[in-house]
Amino acid sequence: MPIPTDLRKKPTAIKIHISTGAGLDITWADGHQSHYDFPYLRDECPCATCNDERAKKESLVGTAPAFASSHALPMFKPKAKAQSANQVGSYAIQFHFSDGHNTGLYTYDHLRSVCPCPDCAATFRPAAT
């Protein structure tokens, strides 16, 4: 995997807080610092299965607006916790979550793109027009 050409997406320091459950902290080459809670990372899983599930939910909202505004109570689902994490080459991290999910490869490009801060949201996830 080539080194990202956008240095904003190149990490200089990575801390994964498995034992405390505090999440993932990354300092990027441009000096920006990102913090990701494990439930947020689980929700942003980039694997094909999770991408398909998100696409299905979006299509249901588009075809059945009543579904989107339903006040039905969702099933209780405990917050996902990372049980372990592995470095994948020099380009990604793979998490093993408490719900058994472990197929997502969180590339550094993806992690910067889903950084939860408002500045990154505006820069990497501009609103659709």
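The largest pocket is lined by 17 residues, of which Arg42, Asp43, Glu53, Lys57 and Lys77 lie nearest its centre. A pocket is here an open set of points on a 1 Å grid over the protein atoms alone, where a 1.4 Å probe fits, with protein on both sides within 12 Å along at least five of seven lines; lining residues have an atom within 4 Å of a point. The model is predicted: local features need pLDDT of at least 70 and side-chain atom pairs count only at pLDDT 80 or more, while totals for chains, interfaces and linings use all residues. Residues are numbered from 1 along each chain as its sequence is written, and side-chain values use heavy atoms, with hydrogens and water left out.

The volume of the largest pocket is about 500 Å³, taken as the space filled by probe spheres set on the points, which are joined across faces, edges and corners. Helices α1 (38-43) and α2 (48-63) each supply at least two residues of its lining, and the largest share, five residues, comes from α2. Helices (H or I, at least four residues) and strands (E, at least two) are DSSP runs numbered from the N terminus. By class, the lining has six nonpolar, three polar and eight charged residues; Ala, Val, Leu, Ile, Met, Phe, Trp, Tyr, Cys and Pro count as nonpolar, Asp, Glu, Lys and Arg as charged, and the others, Gly among them, as polar.

The protein has five helices and six strands. Buried residues (under 20% relative accessible area, 1.4 Å probe, protein chains only) make up 28% of its 129 residues. The largest nonpolar core has 22 residues, and those with the most contacts inside it are Leu24, Tyr36, Leu41, Phe95, Phe97, Tyr106 and Leu111. Such a core is a set of buried Ala, Val, Leu, Ile, Met, Phe, Trp, Tyr and Cys residues joined through side-chain atoms within 4.5 Å.

Four aromatic pairs were found in the whole structure, a pair being rings of Phe, Tyr and Trp (its six-membered ring) with centres within 6.5 Å; planes under 30 degrees apart count as stacked, over 60 as edge-to-face and the rest as tilted. Phe95 and Phe97 form a tilted pair, at 5.7 Å centre to centre and 35 degrees between the planes. Phe95 and Tyr106 pair edge-to-face, at 5.3 Å and 80 degrees. Because Phe95 lies in strand β5 and Tyr106 in strand β6 (residues 105-107), this pair ties together parts that are eleven residues apart in sequence. Both Phe95 and Tyr106 are buried. Ring pairs link Phe38, Phe95, Phe97 and Tyr106 into a cluster.

Conventions: Buried < 20%, exposed > 50% of the residue type's maximum accessible area, 1.4 Å probe, protein only.
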